[in-house]
Amino acid sequence: MAISNTTENHEKSNKKQPIDTLIHARWIIPVVPEQRLYENCSLAIHNGKIQALLPSTEARGRFLAAEEFDLDNQLLIPGLINTHNHAAMSLLRGFADDHPLMTWLQQHIWPAEQKWVSPDFVTDGTRLAMAEMLRSGTTTFADQYFFPEATAAAAREAGMRAQIAFPVIDFPNAWSRNSDEAIDKGLALRDDYRSHTRIGLAFAPHAPYTVSDETLKKIAIYANELQMPVQMHLHETAGEVEEAQTKSGERPIERLHKLGLLSPQMLCVHMTALNDGDIDLLQKTGAHIAHCPRSNLKLASGFTPVARLIDAGVNVAIGTDGAASNNGLDMLQETNTAALLAKAVSGNAAALPAHQALAMATINGARALGIDDVTGSIEVGKAADLCAIDLNELEQQPLHDPLSQLIYTANGHHVRNVWVAGKLLLKDRRLMTLNEQELRQRAGVWRDRIAGLAK
């Protein structure tokens, strides 16, 4: 009888479809289609992509997985997408708090960067940032910082998905002597990663006040010919806009439009000082916005009119900015802030409901980076970029609505497991590709150097 049962079970298992991974979750929110919640369902994953989403009872009978996960009381969502970051600046977390933007930049951050930024600084800072991002559910980040080759290498080694936006600035800086050298080096880096499945490159002209018309025209031509994304700090403060108008008679966004930069390849970062004409330009050109609410609040930069932008049909995604101006890279906290702030700014408690806020942190971010065919939602054929959040903590009870708890109650500490392209990078809150002890040690070394306590 025992032999007969064993043979029968073996024959049944042979009829199952072999796959790499099977994930059984208490709840799944795919984001696309929107406002959909699946209960007691499973994801089948093979070769880094989603093969099926189906009831768990059916999945167990259909698939034979090399790895199988039972996520009791966990909500599975697409991996979060951080559309604007300066990852290496995690080493400047808390270094220069409580200053307005230009004072913060000119008197504190830029001098510190001039003294300390190097490939080693960028590598160590990016690794620390990626650890924080993974531990709070982020699977994809767009980065804009010096020595982008170091950031790209760190992301490749850690297994994250990243869009590396190389900085273009007219004046000498830590990475380039001028904009021409920056563009040449950035395009060479693009060639190095041309066939990589997780790492892409983008232009990052820093801001309207650091990049000339000639440079911006050149970037517009390259971006169009090579179909490369562009991201830029824009309309970050009312002062920036007023100064531009005083000098040229144009608002910065009007200038970019005239130079040919506004298009669906353009990601405008911050965008706090907007009028109706600005919003109309964004809508007509298809440009995207990276909304960084916590950084904007901390630097008193202004308020992005998210509800008005969404009503106008503009794609708005979410970014954290760097840890030097945010102090954290937790996209769940950032999304919570975005949802609450949109209600306060618009004076409408119904503005930016939970499902729209989650879309901003996932599929909208993928659209903003031009990778929505790859990631941003749980759909068959897309990459298995996933985040599992524990909704069983006492502070989350009673649980009436998993989506509501996700946006208004959860934070990065509730993230339990994270996959990128089907590879498990965070398992029960343990980093799988980054060494936590080493990260702490290197962060301490940089703290002492910057404080003048060590060489």
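Visitor: Is Arg60 buried, partly exposed or exposed?
Guide: This is a predicted model, where local features need pLDDT of at least 70, side-chain atom pairs count only at pLDDT 80 or more, and totals for chains, interfaces and linings use all residues. Residues are numbered from 1 along each chain as its sequence is written, and side-chain values use heavy atoms, without hydrogens and water. Buried means under 20% relative accessible area, exposed over 50%, partly exposed in between (1.4 Å probe, protein chains only). Arg60 has a relative accessible area of 38%, so Arg60 is partly exposed.

Visitor: Which side chains make polar contacts with the side chain of Arg60?
Guide: A polar contact is a pair of N or O atoms within 3.5 Å; within protein, one must be able to donate a hydrogen and the other to accept it, and residues adjacent in sequence count only if both atoms are side-chain atoms. One partner, at 3.5 Å, is Glu68. The other, at 2.8 Å, is Asp70.

Visitor: Within what arc do the buried residues of α10 fall?
Guide: Helices (H or I, at least four residues) and strands (E, at least two) are DSSP runs, numbered from the N terminus. In α10, residues 276-285, the buried ones are Asp278, Ile279, Leu281, Leu282 and Thr285. They line one face of the helix, because the directions from the helix axis to their C-beta atoms fall within an arc of 155 degrees.
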